[in-house]
Amino acid sequence: MTENAEETEINPVEADLLPLDPRQKSVLRIRAALLGLIPLALLVVGDFFLSRELEWAAGIGTGLGILLYLFLVLVLPGRRYRRWGYYEGERGIRIASGLIVRRDTIVPYDRVQHIDVSRGPIERPFGVSTLTLHTAGSYNSTVDLPGLAIDEANRMRDEIRSYISEDLA
């Protein structure tokens, strides 16, 4: 296999990347909703005190805060979801993500030392999980692939483990 063929095998074009499980959108929305509640509450309280000093400003901060909150909960998670993708090759896995800052990571299977499949309290009800690859080295030594159906994450873990076992034999 030539160097170019190896590169293509792990490095498909953007259109060839597989999407995350659609249920991950709900997980992203719930996380955004929970994380946005505290700033929204602070904004409402601040707006209350500001409106006591400036009557004309009553409700402006709260209204803008609610609009921003709705954008963060209803629109942004779908966009974040669409920016995730992955590709499993024979020699490694490619994971691409990022809405503003695009991250494109290639993990050769022979660099993987340990694999985790985890499911947090928000992920469990939706049947999705996160596959974490621990690699040699210190910089970016863990690579996460969230939003996989639990069966798919377990299959990928077992398949990558078989590659690791072959390399050790």
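This tour goes through strands, hairpins and aromatic pairs, one selection at a time.

The model is predicted: local features need pLDDT of at least 70, side-chain atom pairs count only at pLDDT 80 or more, and totals for chains, interfaces and linings use all residues. Residues are numbered from 1 along each chain as its sequence is written, and side-chain values use heavy atoms, with hydrogens and water left out.

**Stop 1: strand β2**

Select residues 92-97. This is strand β2, and six of its six residues are buried. Buried means under 20% relative accessible area, exposed over 50%, and partly exposed in between (1.4 Å probe, protein chains only). Strands here are DSSP E runs of at least two residues, and helices are H or I runs of at least four, both numbered from the N terminus. Gly 92, Arg 94 and Ala 96 are buried on one side. Ile 93, Ile 95 and Ser 97 are buried on the other.

**Stop 2: the neighbours of β2**

Two strands pair if DSSP finds at least two bridges between them. Find Glu 88: its bridge partner in β2 is Ile 93. A hairpin of three residues connects β1 to β2.

Ala 96 has Asp 104 as its bridge partner in β3. Five residues lie between the strands of this hairpin, and Gly 98 takes a positive phi near 115 degrees.

**Stop 3: the β4-β5-β6 sheet**

Show the open sheet of three strands, ordered β4-β5-β6 with antiparallel pairing. β4 (112-118) and β6 (142-149) each have a single partner strand, so they stand at the edges, with one side of each left without a neighbour in the sheet. Neighbouring strands are turned by 20 degrees against each other on average, direction ignored; axes are lines fitted to C-alpha atoms, for helices over the stretch in contact, and angles run from 0 to 180 degrees between N-to-C directions. Select β5 (residues 128-135): six bridges pair it with β6. Leu 131 has Leu 145 as its bridge partner in β6.

**Stop 4: aromatic pairs**

Rings of Phe, Tyr and Trp (its six-membered ring) pair if their centres lie within 6.5 Å; planes under 30 degrees apart count as stacked, over 60 as edge-to-face and the rest as tilted. The count is two pairs. Select Phe 48 and Phe 49: the centres are 5.3 Å apart and the planes at 70 degrees, so the pair is edge-to-face. Phe 48 is partly exposed at 48% relative accessibility, and Phe 49 is partly exposed at 46%.

Finish at Tyr 109 and Tyr 163, a stacked pair with 4.5 Å centre to centre and 10 degrees between the planes. Tyr 109 sits in the loop between β3 and β4, and Tyr 163 in helix α4 (residues 150-168), 54 residues apart. Tyr 109 is buried, at 2% relative accessibility.
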